[in-house]
Amino acid sequence: MLYDLLLQPLLDFAFMRRALVACLALSVSAGPIGVFLVLRRMSLMGDAMSHAILPGAAIGFLLAGLSLWAMSLGGLAAALLVALLAGGMSRLTPLKEDAALAGFYLISLALGVLLVSLKGSNVDLLHILFGTLLAVSDDALLLIAGTASLTVVVLAAIYRTLIAECFDPAFLRAVGGRGGLAHVLFLALVVVNMVAAMQALGTLMAVGLMMLPAAAARLWTISIGRMIAVAVLVAASSSVIGLLVSYHADLPSGPSVILAAGGVYLVSILAGANGGLLRRLLPQRHLEH
Amino acid sequence: MAHRHHHLVQETRASASPAIVRLNDVTIAYDRHPVVHHLSGGFAAGSLTALIGPNGAGKSTLLKAIAGVLPVSSGSIDFAIDRRQVAYLPQVVDVDRSFPLRVVDVVDLGHWRKAGATRRIGADDRAASYAAIAAVGLKGLEAQPIGKLSVGQFQRVLFARLMVQEAALILLDEPFNAVDQKTSADLMRIVCDWHAGGRTVIAALHDLEHVKRDFPEALLMAREKVAWGPSAEVLTDANLERARQLAANWTDPAAVCER
């Protein structure tokens, strides 16, 4: 019974195993990235970046067809360009970074839809946005695993700088910390992860695996280290649950994974030990001091 | 009060000491409007100087420029010491107090010069952090999340971070703002210990009584220098009135400065 429910789909079908490995690898890198996006109050940045990828991926698609590498490189270039332009404009004009980013990613998105419609069909567009988790290729798996490994190493190197930059930027500049560099590297990691997740989960769903576990983790603990651990755990278990549910109930796999993470997020909002709603609704008597 | 005696000794020494920081015709502008305007002079090594002036006089801006946080628009700031010997206390409002860090994590940031972005914080560094936390009166709160601290306790944490930095020049931006008298007195005692230990301290303040009582030197500025020297000579009614008048003109449309 339990075997049929949990193990049989994985043991019998290679595509299920590949989907699981892809999701678990993504969980390891998307978890900590999401935590830093939440802490830096840039939760919507991931969403914007996922749209910015589109025209680049579309150009790759127009030039080389459904080639993973062409579409990934194109998407990477487009998203980095949007991030750089937004960062630059926020410094050179009165627009704040969020407004500058919104402007450029919307242009990017519209351009992307236009380019896809030139050659492909709506189905192609849906693949880019929502992925095809049950058909992850060898190349895509390598790309995801490589990206996850790179992300962990780079994050470890800029971990302390990111925290200091977020908490007290003036202090960091005064002691000669490279806050700006860490910020740029971090944005690059966001984009690279999004692009890596494109074929498996699609750019829109990848944001879900980044943000939902991180936001949930924030509601359970106040230690950054523990937040990252919780986020990775939530992302990984959502992947397993989502994939199995999608298999047994014959539902699309990407959305199932994200909805599983969404379920954990909603439960955390209610029951979270650090600011969950239930605590507010069931007031405890105050202490002596 | 023992530290007041120190000031007298220090004062004679300070005026004879060479400058640890020298401002050479420094102008710092936001959007072409100078907030610090053609400011020149030196802070003597070992001096304890209060930076005073009306709101918008450029006190914070000057401190930020000395700390290397802001660039100067023209002129230069020369140091007799390594730039990394400078420690800076930002205004409390510039720090994100809701960020999920523990007290000891914040104090550990003071080891940045040694530990940098990636090196590990060793046992003796950690011991120094704990000693500093005890010295600012927060013993037992090392693992407390900073979000749960009062403004006064948080300012003590930032002072502990400064202590750990072991800097020769310490810049304080409104260190006693919004803290109660007990905290303010405790923190001032730390500042006096730094002064007695030969460190140079520059603090932006607005409580003139406090300046007269505890700060031997003062720089009164209103974007430009109004007076700079021993506090008693700087804090005269005539000087303060001049600073007020300069501040009253700032709302007028400005012509291009030809100086």
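How much area is buried between chain B and chain A, and what percentage of it do carbon and sulfur atoms give? I looked this up in a predicted model. The buried area is about 2200 Å², and carbon and sulfur atoms give 66% of it. On the chain B side, I find that B:F99, B:P100 and B:W112 lose the most area to chain A. Together they make up 31% of what that side buries.

Next I checked the residues in contact. Chain B brings 27 residues and chain A brings 22 residues.

Then I turned to the polar side of the interface. I count seven residue pairs in polar contact between the chains, both residues at pLDDT 80 or more. The rule finds two salt bridges across the interface. One of them joins the side chains of A:D168 and B:R161, at 2.7 Å from N to O. Helices α4 (112–115) and α6 (151–165) of chain B each supply at least two residues of the side that touches chain A. The largest share of that side, three residues, comes from α6(B).

I moved on to strand β7 (residues 200–204) of chain B. Is this strand mostly covered or mostly open? It is mostly covered, with five of its five residues buried. Side chains in a regular strand alternate between the two faces of the sheet. On one side of β7(B) I find B:T200, B:I202 and B:A204, on the other B:V201 and B:A203, all buried.

I noted the neighbours too. β3 (residues 48–52) of chain B runs parallel to β7(B), joined by four bridges. There B:T49 has B:I202 as its bridge partner. β6 (residues 169–173) of chain B is also parallel to β7(B), with five bridges. Here B:D173 stands opposite B:A204. β6(B), helix α7 (residues 181–196) of chain B and β7(B) form a right-handed β-α-β unit.

Terms used: Residues numbered from 1 in each chain as written. Chains lettered and ligands numbered in written order. Predicted model: local features only at pLDDT ≥ 70, side-chain atom pairs only at ≥ 80, totals over all residues. Heavy atoms only, no water. Buried < 20%, exposed > 50% of the residue type's maximum accessible area, 1.4 Å probe, protein only. Pairing = 2+ DSSP bridges. Right-handed = clockwise from strand over helix to strand, strands pointing away. Contact = heavy atoms within 4.5 Å. Buried area = accessible area lost by both parts, 1.4 Å probe. Salt bridge = Lys/Arg side-chain N within 4 Å of Asp/Glu carboxyl O. Polar contact = N/O pair within 3.5 Å; in protein donor to acceptor, adjacent residues only side chain to side chain.
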